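Please look over the sequence and the model below before reading on. The notes after them are meant for someone meeting this structure for the first time.

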Amino acid sequence: GIRKRQAVDHELQIIMSSDTLNLTLRVWRQAGPDKPGGFCDYQLDGVSTHMSFLEMLDVLNEKLIAAGDEPVAFDHDCREGICGMCSLMINGQAHGPDRGTTTCQLHMRRFSSGETITIEPWRAKPFPVVRDLVVNRSAFDRIIQSGGFVSVNTGNAPDGNSVPVPGNRQEVAMDAAACIGCGACVAACKNASAMLFVSAKVSQLSILPQGQPERSSRVLGMVAQMDKEGFGSCTNTSECEAACPAEVSVSHIARLNREYMKALVFADR
């Protein structure tokens, strides 16, 4: 009976050890926007493979706080892959190695024990670092404010059924509207271009009847604000689409270019 129990305990130890990771975390630390930053290495042992990436960072912060050190600042909110706040470069990839996934939905089983994981904030001039892994993405808000909406000045919104929309157009518009504005496209682009984000917001409204009255002013205003914020130009490498957790298609960039040229022509008349 004793030998059998020892054998069972040994098997449990093997199973538990295979469900945990010993990791070296190389984390970007920066005290503020005007402070110098650099990487700090942390050893974190016994990380469950069932944890999400953000839960792993929670464990790291608990360890740092217990030791009297400053916790790592990082953005998060819903932790359900909806809001896009969990913006991290993980081993050089926006949101990590999984396609169509936000950082909060990335699980530690994607990594191996003994691995070194490098964690950085978004790297783009229009997204200045606030602290550690947190960046200021208000540039996106200002782009939306410059035209990414439908004005309703008086009365209630019309009934949805009163404005028929063909199914194929509705599907394309909804695909564009899936953009969560996380900024992964900017972080992944070698030029820090915001074209995928802006094109998604322009597309979803230019396709639908409700967006027609402000169609020209919208695209002109949003592109002008994008340029004003200092985002780079698109060179069609499609890294933005690969990094996008909502898998927004670069075909919307083509639509944005057509909308922009059309608006320029009509603006000159």
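Predicted model: local features only at pLDDT ≥ 70, side-chain atom pairs only at ≥ 80, totals over all residues.

Residues are numbered from 1 along each chain as its sequence is written, and side-chain values use heavy atoms, with hydrogens and water left out.

**The cavity**

- The structure holds one cavity of 30 Å³ or more (a set of points on a 1 Å grid over the protein atoms alone where a 1.4 Å probe fits but cannot get out).
- The space in the largest cavity comes to about 100 Å³, a volume being the space filled by probe spheres set on the points, which are joined across faces, edges and corners.
- Its lining (residues with an atom within 4 Å of a point) has 15 residues, and Cys179, Gly181, Cys182, Cys185 and Cys244 lie nearest the centre.
- Helix 6 (195-206) and helix 5 (184-188) each supply at least two lining residues, helices being DSSP runs (H or I) of at least four residues, numbered from the N terminus.
- Helix 6 gives the most to this lining, with three residues.

**Helix 6 and helix 7**

- The axes of helix 6 and helix 7 (residues 215-229), lines fitted to C-alpha atoms over the stretch in contact, come within 11 Å and cross at roughly 170 degrees, on a scale from 0 to 180 degrees between N-to-C directions.
- Helix 6 is therefore roughly antiparallel to helix 7, a label used for angles over 145 degrees.
- In contact (heavy atoms within 4.5 Å), Met195, Val198, Lys201, Val202, Leu205 and Ser206 of helix 6 meet Arg215, Arg218, Val219, Met222 and Met226 of helix 7.

Notes: 1 Å grid on protein atoms, 1.4 Å probe; cavity = no way out; pocket = protein on both sides within 12 Å on 5 of 7 lines; lining within 4 Å. Parallel < 35°, antiparallel > 145°, perpendicular 65-115°, else oblique.
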